[in-house]
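Me: I've got a model open and a few things I'd like to talk through. Could we go over it question by question?

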Number of protein chains: 2
Amino acid sequence: MTSRAQLAQHDVVEGVYLSASLDLPDIFGPETETRDGIRLYRPEDVPDPARIRFALAWNPAEDAFDAYPNIGLVQVIAAGVDGVLSNRSLPKHAVVARVHDKEQAAIMAGFAAWHVVWHHRQMGNYIAAQQASRWDRQTVKILRPPSAVTVGILGYGLMGQAIAQTVASMEFPVLVAARSPRQDEGRISCISGPGSVEAVAARADILINILPLTDATQGILDAGLFARMPKGAALIQLGRGNHLVEEDLLAALTSGQIGGASLDVFRQEPLPADHPFWSHPMVFITPHEASITSAPAVIDALEHSLEQIQAGQHPSTAVDRKTGY
Amino acid sequence: MTSRAQLAQHDVVEGVYLSASLDLPDIFGPETETRDGIRLYRPEDVPDPARIRFALAWNPAEDAFDAYPNIGLVQVIAAGVDGVLSNRSLPKHAVVARVHDKEQAAIMAGFAAWHVVWHHRQMGNYIAAQQASRWDRQTVKILRPPSAVTVGILGYGLMGQAIAQTVASMEFPVLVAARSPRQDEGRISCISGPGSVEAVAARADILINILPLTDATQGILDAGLFARMPKGAALIQLGRGNHLVEEDLLAALTSGQIGGASLDVFRQEPLPADHPFWSHPMVFITPHEASITSAPAVIDALEHSLEQIQAGQHPSTAVDRKTGY
């Protein structure tokens, strides 16, 4: 692990942007130039790779870390770290830290709540009716009161908690699958431990996935889970593409077992133009941007991680590299 | 006013359904038949008009009350009473009560929050992108953090309060115009008294109208109010059609002063098929069903109003017939 002495040996701590999918200097450049004590380079501009102590990273190339023998911190620019942890060149002892951004969680909560109401109120029918200039009242016929519609949430970190609060404020009963036991709180009930995902799914009229991607959660949204859900339930998939067995969802939509899906993440991104999800009438697609972290929040997180390391502490947003969150 | 003795003189209290726009017996019939002590008739089935003590009403015909000399209670089936208060045949001394339904408020909160996110995240762009099978990331370019987007709410009764809670849970600052002063609470700030509507509008990036319709609020959403709002602000109109000067909104949308509108209520309903709102790309139309009261909640309210009257009390949901709310 990078020691305080290592990080402090230059007045300016030097780092490198590492991403195969985003132009990070374009996103973060202006902010980093204005901060003291940190200097970030594009890989091609690094004067001395041995002086690079940290990386600001998002989906780095498989060999991205090879050139930098002294990286002690990999600060990911979002909450999900799976794209870094699975990287073959990631230095064995580097600390991997993520961003713990309350505003990102609030944006996610709004986005998730929007899709809950999309499915609950069948808002798409209104769009179709308007296109036909048709005054088509539907609510009195179809509306189940929120108190009779259970919203399940898989994952109860910062974002799962923010989603739960907003959904509960609309008087939906909320049932969450959490890693560790939690006290029930108002309309929010919690199930934890083995089988919690299955138990939540079994009662969820609308199921939101916001789990981290780990070995244990790969392909967790599959035919078996869908079969446990109430017939016609909706899926809101905000986790990672590899949580979902896409063929199983298509089959469940065809059979009516799943009544609708909102998908923000996919096995292959961008979603290929010929993927059947695009034209599926029961699928709402967004291009992996349910929420974003703001550039200032990322730089704050990076500074905070570096300060904690310099003070000899383990960064508070560091992930356990074994469990993946 | 109907006295306790009058209401108690028959074992069963008799009432009449009065609506020119809804088939109330179809909606409420099954519930009312199962309750003791109340008998509701269609007008054509009333055995003795003099025995009718109350009406269950929604947009009654102008002469609807004329046949019933002893109506002491008019129970409206929703929160808005303007369609009854403006009725020429409404008995002078009848108590007009509305429904104060927490679940209806929660449904309204979800609907309002949905439209806040619709405008904030420009969700319509995703629908257009999906129709073209286009992976079109927009958020990083356009997203203002919720903390920088003020949501104004005009009206702070049961529904305004429910909306404020849900919107605040998504970390938007909420500014409400209320009849009487209220303590600020977390992200919810309050302005009351004369000029409060204008003051809230002046700071609202997204403005939600949920005011009752009274003489004082007729046409309140007009060019003058729009001109005070931040350029490009969005309007979410959930009050009454007569709050809005529709031509002024069309002009404000054309000039860009208003950037988008969600409209649930209209001066003429159903909205005429040739109305320019239908095909306007910046207008989202729903057919006056942002929220509904469930039939059981209406019957509960009716029973409660009758019980209070029988106990010699003024019903707790009775409105002030002078102010209109």
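Predicted model: local features only at pLDDT ≥ 70, side-chain atom pairs only at ≥ 80, totals over all residues.

Me: Then how are helix 4 of chain A and helix 7 of chain A set relative to each other?

Reply: Take helix 4 (residues 102-120) of chain A and helix 7 (residues 158-169) of chain A: their axes come within 8 Å and cross at roughly 50 degrees. The contact involves residues including A:Met108 and A:Ala112 of helix 4 of chain A, and A:Ala162 and A:Ile163 of helix 7 of chain A. Angles of 65 to 115 would be roughly perpendicular and those under 35 degrees roughly parallel. The two helices of chain A are therefore oblique.

Me: Over in chain B, is the crossing of helix 4 and helix 7 left-handed or right-handed?

Reply: Helix 4 (residues 102-120) of chain B packs on helix 7 (residues 158-169) of chain B at about 50 degrees, with the axes 8 Å apart. Among the residues making that contact are B:Lys102, B:Ala105 and B:Val116 from helix 4 of chain B, and B:Leu158 and B:Thr166 from helix 7 of chain B. As for the hand of the crossing, it's right-handed.

Me: What kind of axis relates chain B to chain A?

Reply: Turn chain B by 180 degrees, with a shift of 0.0 Å along the axis, and it lies on chain A with an RMSD of 0.0 Å. That relation is the one given by a two-fold axis.

Me: Which residue of chain B comes closest to the rotation axis?

Reply: Going by C-alpha positions, the distance to look for is 2.5 Å. The residue of chain B at that spot is B:Trp114.

Me: Which residues have the most contacts inside the largest nonpolar core?

Reply: That core has 78 residues. One of the residues to look at is B:Leu238, which touches B:Met108, B:Phe111 and B:Ile163, among others. In soluble globular proteins, nonpolar side chains tend to be buried together. The residues with the most contacts inside the core are A:Ile163, A:Leu238, B:Ile163 and B:Leu238.

Me: Last one: is B:Leu263 buried or exposed?

Reply: B:Leu263 sits in strand 11 (residues 258-263) of chain B. Its contacts beyond four places in sequence include B:Leu235, B:Phe277, B:Val283 and B:Ile285. The cut-off for buried is under 20% relative accessible area. B:Leu263 has 1% relative accessibility, so it counts as buried.

Notes:
Residues numbered from 1 in each chain as written. Chains lettered and ligands numbered in written order. Heavy atoms only, no water. Helix = DSSP H or I, 4+ residues; strand = E, 2+ residues; numbered from the N terminus. Buried < 20%, exposed > 50% of the residue type's maximum accessible area, 1.4 Å probe, protein only. Contact = heavy atoms within 4.5 Å. Least-squares fit on C-alpha atoms with pLDDT ≥ 70 in both. Core = buried A, V, L, I, M, F, W, Y, C linked by side-chain atoms within 4.5 Å. Axes fitted to C-alpha atoms, helices over the stretch in contact; angles between N-to-C directions. Left-handed = near helix turned anticlockwise from the far one by under 90°. Parallel < 35°, antiparallel > 145°, perpendicular 65-115°, else oblique.
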